[in-house]
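User: I am new to this structure. Please show me how to read it, one feature at a time.

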Amino acid sequence: MNKRTRFVIILAVLAVCLAFLWPTISWYWRTPKEDQAIALSSLEKIRDYAEAEGRKASDEFIAKAKEAPDALVADEYSWLKKSAVKKYKKIGQKVPSKVTNTVILNAYDDAKEFREEFISREREKILKEKKNYTNSVKLGLDLSGGMNIIVKADLDATIASLGDSIATDNVEQFKKDAMAQAVETLSSRIDKFGLSEPVIRQQGEDRIYIEMPGAAEADSINTIIMGKGILNFRLVDDAATSAFNQRYSRDGQLLFDANGKLLDPSIIPSDCEVMGLYTKDDYGIDERIGYLVVKKAIALEGQHIQSAEVGSDGLTNRPEVDFVLDGEGAEIFAKFTGSHKGENLAIVSDNKIKSYARINDAITGGRVAITGFGLEEAQNLQKVLQSASLNVPLSVESQQVVGASLGQEAIRQGIKAIIIGLALIMVFMLVYYKGAGWNAVVAQVLNLYMMFSILSAFNLTLSLSSIAGMILTIGMAVDANVIIFERIKEELALGKSRAAAVSTGFSNAFWAIMDSNITTFIAAIFLSMLGSGTIQGFAVSLAIGVISSVFTALFVSRLMFDFGTDVLKSQKVSISWRVK
């Protein structure tokens, strides 16, 4: 391979690594702490924040425009100027030579459209930051602090509570469904509290592993986990809902505080509360599509639901959700629906309205059919109702809390260890191998750069064990340079020229370097596959380090030698105190 090809390959690799590493750089060094906190909150809170900030910013611009309608648009609104120009061109109107505040406002049909421009910009900014976090290197609990919880689901107790209603041959499938629903319920509860990017997955047959980076109070987390299904039926106050929605169309999120509570509770009846109406978006995330005012009094608790399934209406063949109540629930529901014909009944899960339907007649017998949904909506509602019937008892089996201060100290110590290790190796290489030592120094710096880039590319987690793997890699990576340098010294001792000694030295060292690194890589791969936790983190960072160290030793170091030979026209190699 000629020098030009090697140079192009190295530039391409460095450019790709920068693209991989950019989200990490943007998140940890370019995103303010307050913006990070918002980006790590739930999508619901992000939406509320974007609406509030967008409304505030648009109102400020309108106020400035009223004070100085003929003033030129300020530099801080340059993005708005570009958007307005596009709108003028889209409708075929000539863009005024001077873009004033009034010109900007005239580009929009009404205040609502103008406000949405600000909200959209704020939303895109936060979601971009959230995407940077998703694509960046994550810090493990031992570095960032947080909680590590293992929750045990008592499946046997659930099966025993159902008695003969579940067939023996359906037990295994029931367990799978129960665990899947428990994981989904926990994910929904934890996300509702805006906890930063939790890791929630099933572990074994009846355990759930939860990892929550960042500061968190153990008591509040346990309350979330141990909370009941929180599924119930509430009566909708149609008159209060209509009045509230009129007020909301005017004031929007300004009606709520940062925690989503009404600032002025008097705008709804005292026996009611406002709840969001949600549906699942394309990504399976709860998306609020409106608000309903419901009675505080619970019409029916979800614990009375025995089973739920999706069926179809016998006449219209449209999807419907059928669920069966126990004896007590059937009696309560029949009495309630008989007293509230023509009114709407909301299905509430974890303080979110998942659906609502009109009561056409008294529902007796304990079998309830809810219609008016598409197939996907019916399937989502069936899952909500089914979660109440599963009612899997959960208990915290183990819980580990890592303080944020301990994590920061671990980061400082890890960085310090890497810097000291790298510095000592550099000093040794420069002292022992003189000018050639600079090749090893550059190779080591690029080696670390590539390692972090690969970690970022695969969204891997950086932990103390990963840092240990990096420190070991730094020591091992220099071995390849040592082998190459010693081979070159042998060729120089035979009287060969600089170009011949470098070429032969790299050729003779190639397979020795490959053999040693391939065996290390194989060991690292098996450790990552068979190990878990800290062992896996160590193995992954070691495997990445092996790949990057081979590349820097064989490509980067060789190119630097050739640069000295062909460009700087060096005749000798500064590589040893004994070889001249």
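User: Is the crossing of helix 4 and helix 6 left-handed or right-handed?

Analyst: Start with the idea. A crossing is left-handed if the near helix is turned anticlockwise from the far one by less than a right angle, and right-handed if clockwise. Helices themselves are DSSP runs (H or I, at least four residues), as strands are (E, at least two), numbered from the N terminus. In this predicted model, helix 4 and helix 6 make a right-handed crossing.

User: At what angle do helix 4 and helix 6 pack?

Analyst: Axes are lines fitted to C-alpha atoms, for helices over the stretch in contact, and angles run from 0 to 180 degrees between N-to-C directions. Helix 4 (residues 78-90) and helix 6 (residues 111-134) pack at about 130°, with axes 12 Å apart. That makes helix 4 oblique to helix 6. Angles under 35 degrees count as roughly parallel, over 145 as roughly antiparallel, 65 to 115 as roughly perpendicular and the rest as oblique.

User: Which residues of helix 4 and helix 6 meet?

Analyst: Contact means heavy atoms within 4.5 Å. Helix 4 brings Trp79, Leu80, Ser83 and Lys87, and helix 6 brings Glu113, Phe114, Glu117, Phe118 and Arg121. By class, this contact of helix 4 with helix 6 has four nonpolar, one polar and four charged residues. The classes are simple: Ala, Val, Leu, Ile, Met, Phe, Trp, Tyr, Cys and Pro count as nonpolar, Asp, Glu, Lys and Arg as charged, and the others, Gly among them, as polar.

User: What rules apply to the numbering and the model?

Analyst: Residues are numbered from 1 along each chain as its sequence is written. The model is predicted, with local features needing pLDDT of at least 70 and side-chain atom pairs counting only at pLDDT 80 or more, while totals for chains, interfaces and linings use all residues; side-chain values use heavy atoms, with hydrogens and water left out.

User: How do helix 16 and helix 17 cross?

Analyst: Read the angle, then the hand. The axes of helix 16 (residues 464-493) and helix 17 (residues 498-530) come within 8 Å and cross at roughly 150°. That makes helix 16 roughly antiparallel to helix 17. Their crossing is right-handed. Among the residues in contact are Ile483, Ile484 and Arg487 of helix 16, and Gly505, Phe506 and Ala509 of helix 17. The residues of this contact of helix 16 with helix 17 divide into 12 nonpolar, four polar and two charged.

User: At what angle do helix 15 and helix 16 pack?

Analyst: Helix 15 and helix 16 pack at about 140°, with axes 10 Å apart. That makes helix 15 oblique to helix 16. Helix 15 passes helix 16 in a right-handed crossing. The contact includes Leu448, Met451 and Phe452 of helix 15, and Ile474, Ala477 and Val478 of helix 16. The contact of helix 15 with helix 16 has 11 nonpolar, five polar and no charged residues.

User: Is Tyr433 buried or exposed?

Analyst: Relative accessible area decides. Buried means under 20%, exposed over 50%, partly exposed in between (1.4 Å probe, protein chains only). Tyr433 lies in helix 14 (residues 404-433). Tyr433 is buried, because its relative accessible area is 2%. Beyond residues up to four places away in sequence, Tyr433 touches residues including Phe485, Glu486 and Ser574. The C-alpha atoms of Tyr433 and Val573 are separated by 10.0 Å, yet 140 residues apart along the chain.

User: Which residues does Ser456 contact, leaving aside its neighbours within four places in sequence?

Analyst: Ser456 lies in helix 15 (residues 437-457). Ser456 contacts Phe20, Leu21, Thr24, Asn135, Ser136 and Val137. Ser456 is buried, at 1% relative accessible area.

User: What is the phi of Lys434?

Analyst: Most residues other than glycine have a negative phi. Lys434 has a positive phi of about 55°. Its place is the loop between helix 14 and helix 15. Lys434 counts as partly exposed, because its relative accessibility is 25%. Lys569 also has a positive phi, near 60°. Lys569 lies in the segment after helix 18 (534-566). At 57% relative accessibility, Lys569 counts as exposed.

User: How many helices and strands does the protein chain have?

Analyst: The protein chain has 18 helices and 14 strands. Of its 580 residues, 44% count as buried.
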